[in-house]
Amino acid sequence: MRRFLMAAAALTMATSAAQADMKVGVLMGFTGPIESLAPNIAAAAELAMQEATESGAFLGGMQVIPARGDSTCLDAAAATATAERLVTADKVAAVVGANCSGVTIAVANNVAVPNGVTMISPSATSPALTTLADQGYVFRTAPSDARQGKVLAQVAKARGIDSIAVTYTNNDYGKGLADSFSNAFEAAGGSVALSVAHEDSKADYAAEVGALAASGAEHLAVFGYIDKGGKGIIQASLDAGAFDTFLLADGMVGDSLVEAIGEALNGSVATAPGSDSPNAKKFEEIAAKAGVDGSKPFSGESYDAAALIILAAQAAGSTDRAAIQSKILEVSNAPGEQIGPAELARGLSLLAEGKAIDYQGATDVELTAEGDASSPYKEYEVMDGEFTTVRVH
Amino acid sequence: MGVDVVNAMVLLANFVVVPALAYGSQLALGALGITLVYGILRFANFSHGDLMAFGTMVVILLTWQLQAWNIGLGLLPTALLALPLGIAATIAVGLAADRAVFRFYRLRRSAPVVLAIASVGVMFVLNGVVRVVIGPDDRSFSDGARYLINAREFKSLTGLAEGLTIRTSQVLTLALAVIAVAALFWFLRRTRAGKAMRAYSDNEDLALLSGVEPDRVVLLTWAIAASLAAIAGTLYGLDKSFQPFTYFQLLLPMFAAAIVGGIGQPHGAIAGGFLVAFSEIALTYPYKKFLGYLLPDDVRPAGLLQLLSTDYKLSVSFVILVVVLLWRPTGLFRGRIA
C-alpha cells in the first residue's frame, strides 16, 4: 500500500512537471501543394524552441515543446479541425502557422480568434490578412503580397519586360498577388496581356498555356505552388515552346522546381521574402548546424515567429494565452536592446531583468500595428540550375 | 502572306492538332474498353478509369525498379518494358473483380443498372487501393528523350516565327494506339474466338445454342478491356502526368466518346475519342494569334476569340453527351441504347 502511494505521488509530480512546459503549435502544410517546403519551415520554428529550452532561462527553466499539426495548405475544414485539436487537446499557448493564406484566414476566424490564441504565420502573404478582424491575435513575420506585387513589378520593368501574361493559383494567395502585381505593373507603364487563374492538381495544362500564349505576351508570370499547378504550367509552356523565361513568386522558389524542370529554367527570375543582412547570414549558419536550410523561403520567418512567442511569454511572465498576445508587439519593435538570431538566451535574461528588447531575429522583424512584417525581398535568378540571389529589395 | 499562312498552320498544329491527336488516342483506347464491356457483358463499367489507374500504378512501380537497376530503352521510355507485366496485373485484377462481384449478378441475370452500380463499388475499391499503394500525389515516370522535335529547334530549322513541338510520348501514343486497334479488329473479325465474342454480343441465347462457351467469352472480354485500360493509362501518364484523381476524371470524356460513337461499336469508340478530344481542345483554344496571321492588319481581333474558358474543358464532354443523347441517341455508328 505504501509502495502504491509513493508510486502515485511520483506520478503526480511527473505530471505537474509536464504541466510546467509551454506547448507551441506548429501548424504547417506537411501535405499538399507546399509539402516539399513545410518540413524545413517547421524545423526552423522548432530550432528556436529548442534554443529557448536549452538556455534554461525561459520562465525559470521551463521547456518549450512543439506540437505539430497538418494545415494541408488547401483544405480549410481539415486545417480548422487540426487547429482545434492543437488548441483544445494539446492546449498550446500559441501557434506558429499556418502556411497558406486561405487556411490561415480560416483557422484565424474559426479557432484562433474565438479561443483567444495568438497565431503567427511565417508564410501567409495575402493582402487580405492585413484587414482581417482578428482582435489583434493574428500576426505574420512574412511581408504582405501587397508589397511583393510591387517588388515583382519593379523587377519585371528593370529587366525590360513591357508586356506579360499572368497565371495564378485559384485561391486567396494567388488572386491577391496577381491583383497587386497587375496594378503595380500597369502603374509603372507595363501592360498585362492576360491574367487567368489555374486550378491545381490537373494532369495537363496544355490548354491553359495555349490561352496564355495566344495573348501575344512573350513573358509569363506564374504565381502558383511549386509542387502543383505552377510546375505543370511551366512544364507545359516549355513543352509547347510558348514561353522561355518566367517571373515567379515566393510559392515557386525551391530546389524541387529546378530538379523537375532542369536547365530550361535558367534565366527565370523570382522573388521571395528574405535579406542578406548580417542577421540573415548568421541565421543560415546556426540553422545549418542544426540541419535546417536557412536560405530556403520562410525558414527565417518561421524561426522568428516561434522566437516572438517565447519572448512574449517571458515578457508577460506567464504562458497565459492573452498575456502572450499583449506582449508580441512590445518585444518585436523598438525601443530596447536588439536581439539577433541565436541570442534568445540573452533576450530572455534581459526580459527577466525587466529590460526592454527589440527582437531582430533572422529577418530583422519589425511588425506594423496590424501585425504585418515590413521586411525586405530577395530577387533570385536561376543560374546553372540553382536559385541564386542577385539583389535585395 | 505565304509565310503567315504557314505560321498560322504551325501554330494550330502545335497547340491544337498534335495535343488533340495524342489525347484522342488515349481516350479512344479507354472508350474501346468501355464499349467492349458494354457490348458483350451488357453494363456500363464505371470502374474502367480506376482500372487504368491501377495498371499505370503497376507500370510505374516496375519502371522505378528498372530505373534503379539501370535497365532502360535509351531514347524510349523505360515504361514500355514494364508495360507487359502491367497489362498482366491489370487483367488479373479485372478477372478478380469479375469473379468476386460481376459474375454473381451475371449468373442471376440482374438488370444492367444493378451491374453498373456494382461497378461503382469496384471503382471505389480500386481507387482506394491505388491511393494506399502509391499515394495521391503526382508521380513522374517518363524518361528517355522528351522531344522528337522541340519548338526552339523547329524555329531555327525552318526560320518560322512559330515553333512546333512533337514529344516522344505523343508519337508513341499514336503508334501504340494504331497497333492495339489493328490487333483488336483483326482478332474480332478473323479469329474464331473473336467471332464467338461478336456472336455473343449480337444475341446471347443464339450464341449459346450454337455452342459458344460463355465463360471463355467473359474471360476474353476482361482480358482485352484490361489490356486496353493498362495501355491507355500508361500512355496518358507518360504524356501528361500520373495522379489517381485525374484518372477518375477521365471517366466522363471516355463515356462521352463511347456513347457519341455508338456504344458497343468498337470503331465508334475510336471516332468518339477523337471527336471529344478535338472538341475539348479546339473549343477552349483562343484564336487571336491564329487569325492575327491570316487577317490583314486593320481587321485583327482585339479579344482572345476563345469560345470557352479553359476552366470549362471538362464540361465540353457533358455538352457533347447531352447533344448526342437528344439528337441521335444511338450515336454516330448506331450503337445499342437499351
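Q: In which loop does B:Asn70 lie?
A: This is a predicted model. In it, phi of B:Asn70 is near 65°, a positive value in a residue other than glycine. The residue belongs to chain B, in the loop between helix H2 (48-68) and helix H3 (79-107).

Q: Is A:Asp364 buried or exposed?
A: Phi of A:Asp364 is near 50°, which is positive although the residue is not glycine. Its place is in the loop between strand S12 (357-359) and strand S13 (377-383) of chain A. A residue is buried if 20 or more other C-beta atoms lie within 10 Å of its own. A:Asp364 has 20 other C-beta atoms within 10 Å, so the residue is buried.

Q: How many helices and strands are there in chain A?
A: Chain A has 393 residues, of which 60% count as buried. Its C-alpha trace spans about 85 × 45 × 40 Å along the principal axes. The elements of chain A are 13 helices and 14 strands.

Q: What is the radius of gyration of chain A, and what does the globule rule give for 393 residues?
A: The two values are close, so chain A is as compact as a globular protein of that length.

Q: What percentage of the residues of chain B count as buried?
A: Chain B has 14 helices and two strands. Its radius of gyration is 21 Å, close to the 20 Å of the globule rule for 338 residues, so chain B is as compact as a globular protein of that length. Its C-alpha atoms fill a box of roughly 70 × 55 × 35 Å, taken along the principal axes. Of the 338 residues of chain B, the buried share is 46%.

Q: Which helix gives the most to the side of chain B that touches chain A?
A: Contact between the chains involves 24 residues of chain B and 15 residues of chain A. On the side of chain B, the elements that give two or more residues are helices H1 (2-41), H5 (151-158), H10 (244-249), H12 (266-284) and H13 (288-294). By class, this side has eight nonpolar, ten polar and six charged residues. The helix that gives the most, with three residues, is H1(B).

Q: Why is H12(B) described as oblique to H14(B)?
A: Angles of 65 to 115 degrees count as roughly perpendicular and those over 145 as roughly antiparallel. The axes of H12(B) and helix H14 (residues 313-327) of chain B come within 9 Å and cross at roughly 125°. That angle makes the relation of H12(B) to H14(B) oblique.

Q: At roughly what angle do the axes of H3(A) and H4(A) cross?
A: H3(A) passes H4(A) in a right-handed crossing. Among the residues that meet there are A:Ala79 and A:Ala83 in H3(A) and A:Val103 and A:Val107 in H4(A). The contact has eight nonpolar, four polar and one charged residues. The axes of H3 (residues 76-88) and H4 (residues 101-115) come within 9 Å, and the crossing angle is roughly 35°.

Q: How many residues of H7(A) are buried?
A: Helix H7 of chain A covers residues 206-214 and is followed by A:Gly216, whose phi is positive, near 95°. Among the buried residues of H7(A) are A:Glu208, A:Val209 and A:Leu212. The helix is mostly covered, and its buried residues number nine of nine.

How values were computed
Residues are numbered from 1 along each chain as its sequence is written. Chains are lettered from A and ligands numbered from 1 in the order in which they are written. This is a predicted model: local features need pLDDT of at least 70, side-chain atom pairs count only at pLDDT 80 or more; totals for chains, interfaces and linings use all residues. Two residues are in contact if their C-beta atoms, placed from the backbone, lie within 7 Å. Helices (H or I, at least four residues) and strands (E, at least two) are DSSP runs, numbered from the N terminus. Ala, Val, Leu, Ile, Met, Phe, Trp, Tyr, Cys and Pro count as nonpolar, Asp, Glu, Lys and Arg as charged, and the others, Gly among them, as polar. The radius of gyration is taken over C-alpha atoms; the globule rule is 2.2 Å times the number of residues to the power 0.38. A residue is buried if 20 or more other C-beta atoms lie within 10 Å of its own, exposed if 12 or fewer, and partly exposed in between; C-beta atoms are placed from the backbone. Axes are lines fitted to C-alpha atoms, for helices over the stretch in contact, and angles run from 0 to 180 degrees between N-to-C directions. Angles under 35 degrees count as roughly parallel, over 145 as roughly antiparallel, 65 to 115 as roughly perpendicular and the rest as oblique. A crossing is left-handed if the near helix is turned anticlockwise from the far one by less than a right angle, and right-handed if clockwise.
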